[in-house]
Amino acid sequence: MVYTPSALNFLNPVQAGSALADPRMDEHLLRRTADDYPKQAYDISYLGRMGEICQLRQVAPDLPLFQAAFTAFARGTLIATASGPVAVEDLLPGDKIITNERGPSPLMWVGSITLRPAEREGPSLTRITSAALGLGRPLSDLMTGPGARILQRIPGMAEQVLRPVRDMLDGMQVIELRPPSAVQLYHIALRRHATVTAAGLAMETFHPGPGFENTLPYQHFDQFMALFPHVARPSDFGPLAHPRQPLQRARG
């Protein structure tokens with residue numbers, strides 16, 4: 001295993017409005033100075049060019065665009081692999097992940113952060129209780145973060161859509177939680193965007209969103225891309241496997 005330390009200090013990014021949230025926030029964010037932004041440590045494992053497993057930790061802004069890349073699955077979530085279900089924290093780059101679109105695919109990237117909700121308002125977590133969506137869906141309680149989307153058929157739409165899990169809150173079977181202690185959250189990326197089976201549910205792998213690079217000043221774009229050493233350019237993320245809804249709704 002190769003350990004690659006990083007001395008990068010990321011400053012003054014802006015959230016990608018077209019991919020995540022209200023684009024009207026961009027002008028406000030750009031007016032802020034670098035010192036205004038809270039920071040977060042992001043842990044990354046990725047598959048190197050020679051097939052080696054590389055690790056690094058980056059300190060980057062604690063903003064929605066960055067958070068969404070690291071906050072889909074809580075520690076302990078079982079992901080379907082060619083070797084059987086594996087807890088997300090035990091996945092390694094190079095593992096063969098079973099996708100619902102094209103079968104086994106090598107895991108290219110794993111990102112994780114530690115959220116400490118007790119220290120700040122922070123994002124909430126969502127718990128889908130066992131069998132809330134049908135028999136074995138999920139197989140057991142599934143805890144997700146603000147970056148999680150689930151593949152569902154929406155009434156009135158001909159095709160399935162990737163829907164933010166937190167849009168499903170009903171206060172009974174899909175519940176919002178604000179844990180008082182630290183929580184480890186993860187996300188994963190494959191060679192191409194796909195859905196994988198997590199605790200019996202079809203959940204998406206990470207993709208920053210088509211055209212995300214067009215919403216970022218060049219320095220912010222570079223800072224974000226540095227979190228994904230396994231890709232060289234935005235086009236390397238490829239197309240979306242399914243249509244999807246934004247993680248954050250635009251305000252009226």
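A salt bridge here is a side-chain nitrogen of Lys or Arg within 4 Å of a carboxyl oxygen of Asp or Glu. Please bear in mind that the model is predicted.

D236 forms a salt bridge with R233, and their closest N and O atoms are 3.5 Å apart. D236 is partly exposed, at a relative accessible area of 31%. R233 is likewise partly exposed, at 45% relative accessibility.

How many salt bridges does a search of the whole structure find? The search finds five.

I turn next to D43 and R57, whose salt bridge has its closest N and O atoms 2.6 Å apart. D43 belongs to strand β2, residues 39-47, and R57 to strand β3, residues 53-61, so this pair ties together parts that are 14 residues apart in sequence. D43 has a relative accessible area of 22% and is therefore partly exposed. R57, with 45% relative accessibility, also counts as partly exposed.

My last pair is R149 with E204, a salt bridge in which the closest N and O atoms are 2.6 Å apart. Which parts does this pair tie together? R149 lies in strand β11, residues 149-153, and E204 in strand β16, residues 201-204, so the parts joined are 55 residues apart in sequence. Are R149 and E204 buried or exposed? Both R149 and E204 are buried.

Finally, R149 and E204 belong to one network with R244, joined by salt bridges that share partners. Thank you for your attention.

Conventions
Residues are numbered from 1 along each chain as its sequence is written. This is a predicted model: local features need pLDDT of at least 70, side-chain atom pairs count only at pLDDT 80 or more; totals for chains, interfaces and linings use all residues. Side-chain values use heavy atoms; hydrogens and water are left out. Helices (H or I, at least four residues) and strands (E, at least two) are DSSP runs, numbered from the N terminus. Buried means under 20% relative accessible area, exposed over 50%, partly exposed in between (1.4 Å probe, protein chains only).
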